[in-house]
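Hi there,

Here is the structure I promised to pass along. Have a look at it first, and then read my notes below.

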Amino acid sequence: MGLATISAVLKKAGHTVALFDTSFYDSGRITDRAAREKYLEFKKIEGELFQKEKGPIDKDLKKKIFVVLGGPHVHLYPKESVAFNGVDFVIKGEGEIPLFKLLEALEGRGSLSQIKSLTYKENGQIFDNPIGDLIENLDELPFPARTLLPVKKYNSILGGGHIVTTMFT
């Protein structure tokens, strides 16, 4: 639900958003889809996807997109995570506001150094900005952009054959 909520925030701000859950694609299809997107956020770090010498994506594709990581692993290890080949940015903690501000900065309307919760590389040096405040009133967030997800593919033994998504709080 995190990426769906982040996507909803970006859509509300006027950004064009495409979201795909990498759980349902093999690595070749991820690369094909990523080639059509300007920004790419991977929601997981698993297996061979992030081998330090290999990087998450091939060099030709890397010239076309930015890679942004978020989630519990990168929150604990932001500098180590952004040091991976091909990774441009890490967002620690809640991603709704920092990712919006990152896109604004990449479009020339802000400074990376002023974005709380952002870790990034610039001229070979890693910068780790302080973590931002938590969103106090979650009712201010738009509902998750479920229309961007293949919701019919989500299921659970607990759902009795119905579409199910889980949210941890």
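How many bridges join strand 4 to strand 5? There are four, and the two strands run antiparallel. Before I go on, please keep in mind that this is a predicted model.

Strand 5 covers residues 125–128. Within this pairing, Tyr120 sits opposite Phe127 of strand 5. The hairpin that strand 4 and strand 5 form has two residues between the strands, and Asn123 adopts a positive phi near 55° there.

Strand 4 (residues 118–122) also pairs with strand 3 (residues 89–91). Here three bridges link the two, again in an antiparallel arrangement. Val90 is found opposite Thr119 of strand 4.

Helix 6 spans residues 96–106.

Now for the whole chain. The protein chain contains six helices and five strands, and along the sequence they come in the pattern α-α-β-α-β-α-α-β-α-β-β. The chain has 169 residues, of which 36% count as buried. Among contacts with a separation of 6 or more, 54% are between residues 24 or more positions apart.

Note on methods
Residues numbered from 1 in each chain as written. Predicted model: local features only at pLDDT ≥ 70, side-chain atom pairs only at ≥ 80, totals over all residues. Heavy atoms only, no water. Buried < 20%, exposed > 50% of the residue type's maximum accessible area, 1.4 Å probe, protein only. Pairing = 2+ DSSP bridges. Contact = heavy atoms within 4.5 Å.
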